[in-house]
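Then we'll walk through some of its charged pairs, its domains and its inside.

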Amino acid sequence: MVKEITASQLDTDQFIAEKVREIKDAVGGGTAINALSGGVDSSVVTMLGHKALDKQLKTIFIENGLMRAGEPQRVVDLFRKLGVTVEIVDARKEFFSALAGITDPEEKREAITQTFYKNVFGKIVKQSGAKHLLQGTILTDVDETIAGIKRQHNVFEQLGIDPQETFGYKIIEPLIQLRKDGVRKVGKALGLPAELFDRIPFPGPALSARVIGQATPERIELVRKATAIVEKSLKDTKAFQYMAILHDDRVTGMRDGKRDFGQQIELRCWDSVDARTATPTELPFNTLTKVADEIITNVPGIVSVTYNIAAKPPSTIEAV
Ligand code: XMP
């Protein structure tokens, strides 16, 4: 059982000092490696690891083809300003071929886990000679995986998987006692800019969690365009998280006086503290119609935009 540290209990200075010591003790004179996605959790782990290990830590950004528009370079540039070197590895082919033909949500998550940990990152870790991998698993990931709600792509031990045996390296998870609100506090205390520690959460399976049905490069590109519009339009709402989801069903629409059997985007915008429960944000109707217009104008083939008004539970934040 992991012992939770709530955001209100958390003493960030003490937490950081403790985790830095633990990371140093575990890695010793060796090297560690971590994958940065630019999300809140992996950004905080990167800074924590950098503080503990400096040059003994190698940080990789895996370009899986499933990231938001402009993301790899943006993240690398932000971390360069913080004195952290991040190397981009192009693995788009590996991820899209692993995802080809898969429609089931849990199979998609499993394909991403396997591709990431075995084929792509696993190989990089082996080549680097690092014996430790730093990872930003948080308590909500563990809870939902154990409860069988979603298999979070970064949870192993609790599923009875030994990473040492399966992948050949040890995993260090310094944030595992925290939830998202606690992680943000640690990020702020570590000196990350607000655009990193206060970012809306983004799931490990990235945009493939935002596509119902097959995650092909073309369908990912559609949801990527819609995501950019939604994130830009809702950034001042103070909502916990907001997203665009591409549906698998087609609906009859019309364009230029002709029938257009088109695609649908679902908008979701959530109020939540720690992602365990969430309610849909009461967005003004004209905000919703403005976002819908922009999506219909700029994302090819979309003829319908809906807004999810169900709470979590029974909904979940991501659709996949
Ligand atoms: P759900 O969809 O389970 O999401 O209500 C709860 C929170 O977790 C994020 N999420 C993930 N984060 N790996 C992650 O690192 C994952 O596989 C994953 N799935 C969901 C989601 O964005 C939300 O903030």
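## A pair on one helix

Lys225 and Glu221 make a salt bridge, with their closest N and O atoms 3.7 Å apart. Keep in mind that this is a predicted model.

Are they buried or exposed, or something in between? Buried would mean under 20% relative accessible area and exposed over 50%. Lys225 comes out at 35%, so it counts as partly exposed. Glu221, at 31%, is therefore partly exposed too.

## Charged pairs that bridge the sequence

How many salt bridges does the structure hold? There are 21. As a general rule, side chains of opposite charge can pair when their charged atoms come close.

Take Glu144 and Lys312, whose closest N and O atoms are 2.7 Å apart in a salt bridge. Glu144 lies in helix H6 and Lys312 in the segment after strand S9 (302-307), so this pair ties together parts that are 168 residues apart in sequence. Both Glu144 and Lys312 are buried.

Arg210 and Glu318 also meet through their side chains in a salt bridge, at 2.6 Å from N to O. Here the loop between helix H9 (194-197) and helix H10 (217-234) supplies Arg210, while Glu318 belongs to the segment after S9, so parts 108 residues apart in sequence are tied together. With 1% relative accessibility, Arg210 counts as buried. Glu318 is buried as well, with a relative accessible area of 7%.

## Where the two domains meet

Now zoom out. The domain assignment gives domain 1 (12-197) and domain 2 (211-307), and their C-alpha centres are 28 Å apart. How many residues are in contact on each side? Domain 1 has 19 residues in contact with 16 residues of domain 2.

The size of an interface is often given as the accessible area lost when the parts come together. Between domain 1 and domain 2, the buried area is about 1,300 Å², and carbon and sulfur atoms give 56% of that. The interface also has one salt bridge across it and six residue pairs in polar contact. On the domain 1 side, the elements giving two or more residues to the part that touches domain 2 are helix H4 (92-99), helix H6 (139-146) and helix H8 (180-189).

Elsewhere in our tour of charges, Glu231 forms a salt bridge with Arg68, with the closest N and O atoms 2.8 Å apart. Those two residues are part of a network of salt bridges that links Arg68, Glu71, Arg74, Glu195, Arg199 and Glu231.

The buried ones are Leu139, Thr140, Asp141, Val142, Glu144 and Thr145. Just after H6, Gly148 takes a positive phi of about 75°.

## The nonpolar inside

The largest nonpolar core has 86 residues, and those with the most contacts inside it are Ile62, Phe79, Phe121, Leu175 and Ile295. Which element gives the largest share? Helix H5 (residues 105-128) does, with eight residues. Domain 1 (12-197) and domain 2 (211-307) each put at least three residues into this core. Another core lies apart from it, with seven residues, including Met243, Trp270, Ala278 and Ile317.

Beyond neighbours within four places in sequence, Ile62 is in contact with Leu36, Met67, Val89, Ala91, Phe95, Phe116, Val120, Phe121 and Ile124.

## A polar residue tucked away

Let's finish with Asn34, which lies in strand S1 (residues 32-35). Its relative accessible area is 0%, so Asn34 is buried. What does its side chain pair up with? The side chain of Asn34 makes a polar contact, at 2.9 Å, with the side chain of Thr46. Not counting residues up to four places away in sequence, Asn34 touches a group that includes Thr46, Ser42, Val45, Leu57, Ile60, Phe121 and Leu134.

Key:
Residues are numbered from 1 along each chain as its sequence is written. This is a predicted model: local features need pLDDT of at least 70, side-chain atom pairs count only at pLDDT 80 or more; totals for chains, interfaces and linings use all residues. Side-chain values use heavy atoms; hydrogens and water are left out. A nonpolar core is a set of buried Ala, Val, Leu, Ile, Met, Phe, Trp, Tyr and Cys residues joined through side-chain atoms within 4.5 Å. Buried means under 20% relative accessible area, exposed over 50%, partly exposed in between (1.4 Å probe, protein chains only). Helices (H or I, at least four residues) and strands (E, at least two) are DSSP runs, numbered from the N terminus. Domain bounds come from an automatic or database domain assignment. Contact means heavy atoms within 4.5 Å. Buried area is the accessible area (1.4 Å probe) that two parts lose on being put together, summed over both. A salt bridge is a side-chain nitrogen of Lys or Arg within 4 Å of a carboxyl oxygen of Asp or Glu. A polar contact is a pair of N or O atoms within 3.5 Å; within protein, one must be able to donate a hydrogen and the other to accept it, and residues adjacent in sequence count only if both atoms are side-chain atoms.
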